[in-house]
Amino acid sequence: MSTKSLFYIKAFVLCLDFAIVNISFGAGMLWMQLLRTHMLDISSTPIHQKPYWLFFNFCWLIAALLYRAYHAENILNLENNYRITWRIWVAQSILFCTGLLVLNDYLIDYRLCLSVLLSYMFLLVVGKIVYTYLFYRLARMRPLRKRMTVIGQNAHAVSLERAFTKSYPFLSTEVVDNITWNFDENKVLEVDCFLEQFKKMEQGGVHEAIISVPCQHLSHVSQIQRLADNYSIHVAFVPAFEVEKLDWSVTIDGGVPIFQMRQSLLNNAFYSYRKRLFDIVFSSFIIVFVLSWLVPIIGLIIKIQSPGPIFFKQLRSGRNNVPFYCYKFRSMRKDNPNEAKQASKDDPRVTRIGKWIRKTSIDEFPQFINVFLGDMSVVGPRPHMTSHTFQYRTLIDAFMVRHGVKPGITGWAQVNGYRGETKDPQMMKKRVDYDIFYLDNWNFMMDIKIVILTFLNMTQGEKNAY
């Protein structure tokens, strides 16, 4: 189960181990210098020993990759971490000494090798003590804990919660073990109990749930999935029995078999940070090299044609349905009586400059400020007004799934023609389908493709933008 906390912990352990490897080599060299000359001179490091320093780092890298030192199961399980650390020390020592023997290099003192390896062992012990202390301290810090609800029946939900808590100390779990599987006369699952629980989760800001499903009711998980989608709840299902291996494709997580109907790479911390880095770089470029001269020009024309502010801000639904103010160039008159109404063809509220900047999508450029601030992404589902979110979530199944990621300036639905006014709910349903396809199939090159297609659409003009 990927969390941002796990990403930080991996980075910390990697940096700590790298520091220990290099400090131990330097400490070993200084130790030998002190034994030989009874003097300590840091500046007198022999030049010919620098290749051995690089080779020592190379041996550590090979050993760490060999034993998967920075995989989640070896980072979060302290016993595994200690065991892997010892194995890495042994493997690295063997590789280092063997390499020197193969090279037949007698310029390096064998006592230096011994002092480096002993220093390395001592610092590893100290480092693991520090890591263990910080691990338990961080695991108790509420801001770093990922909140999750475990839903099931009686003892099985409790045992499931224990399994996840043991495997993932950075999870903050709540157990709901009074769920009942009731059916009407047509053998349709009554979802009132799930509905009530998902409402509580949404109100409490919890967006992750693990649901224990009795084997005889596995066919009903799609019904529960659709219900969870309407509340922007990411759910995973666990069959209510213990097995070592299953014939169908599942994830064995913490010794518990789990199958999921909706997955996205954007739920992985590494990919989400890579996407965020792209957002920061791209938005910074636009702000510095485009908005710096575009705002004065467009702003002056807006002021001349219609008195009022240059920018228009509106409350819209963001990630996990958290509202934020979305910025645009003002394209309508200030005396607009109904700002919540979508623009339509030949809308009298739109100014002359407004028609052009809406047609070319230039009115959206101030949203790069939203991207830089972290409210939006360059690519993602378009944000709707909060009133429209409330309206469509009751009309369209899985509408709230699109709120699982940050909204974007452009998206897969927009480059496929679903942009602008949506009078027909079926048009909105199509837009939602494209947004969900983007979430389920995201990759970095897909974002680049959408950015390029958006640029091409801007040069040609959007027929549905008015």
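Predicted model: local features only at pLDDT ≥ 70, side-chain atom pairs only at ≥ 80, totals over all residues.
Which residues are buried in helix 14? I started my notebook with that, and found Met-428, Arg-431, Val-432, Asp-435, Ile-436, Tyr-438 and Leu-439. For my own reference, buried means under 20% relative accessible area, exposed means over 50%, and partly exposed is in between (1.4 Å probe, protein chains only).

Residues are numbered from 1 along each chain as its sequence is written, and side-chain values use heavy atoms, with hydrogens and water left out.

**Whole protein**

I looked up the secondary structure and found 15 helices and ten strands. Helices (H or I, at least four residues) and strands (E, at least two) are DSSP runs, numbered from the N terminus. Of the 466 residues, 46% count as buried. Among contacts (heavy atoms within 4.5 Å) with a separation of 6 or more, 74% come from residues 24 or more positions apart.

**Back to helix 14**

I checked its span next: helix 14 covers residues 425–440, and its 16 residues reach 22 Å from first C-alpha to last, close to the 22 Å expected at 1.5 Å a residue. The expected span is 1.5 Å times one less than the number of residues. The buried residues of helix 14 pack against helix 9, strand 9 (377–379), helix 12 (386–392), helix 13 (412–415) and helix 15 (444–460).

In helix 15 I picked out Thr-454. Thr-454 counts as buried because its relative accessibility is 18%. Leaving out residues up to four places away in sequence, Thr-454 touches Thr-410 and Val-415.

**The sheet**

Which order do the four strands of the open sheet take? I read it as 2-1-3-4, with parallel pairing. Two strands pair if DSSP finds at least two bridges between them. Strand 2 (171–176) and strand 4 (234–239) are the edges, each pairing on one side only. The twist averages 25° from one strand to the next.

I then followed strand 1 (residues 146–151), which pairs with strand 2 over six bridges. Arg-147 stands opposite Ser-172 in strand 2, and Val-150 opposite Val-175. Three bridges join strand 1 to strand 3, where Ile-151 stands opposite Ile-211. Five of the six residues of strand 1 are buried, so strand 1 is largely enclosed by the rest of the structure.

Helix 7 (residues 192–204) lies across strands 1, 2, 3 (208–213) and 4, at about 170° to strand 1. Helix 8 (residues 221–229) touches strand 3 and strand 4, and its direction makes about 160° with that of strand 4. Angles run from 0 to 180 degrees between N-to-C directions, and axes are lines fitted to C-alpha atoms, for helices over the stretch in contact.

Helix 9 (residues 269–305) and helix 10 (residues 352–359) pack at about 145°, with axes 9 Å apart. Ile-298, Ile-301, Ile-302 and Gln-305 in helix 9 meet Arg-352, Ile-353, Trp-356 and Ile-357 in helix 10.

**Last look**

Ile-62 lies in helix 2 (residues 50–66). Ile-62 counts as partly exposed because its relative accessibility is 35%.
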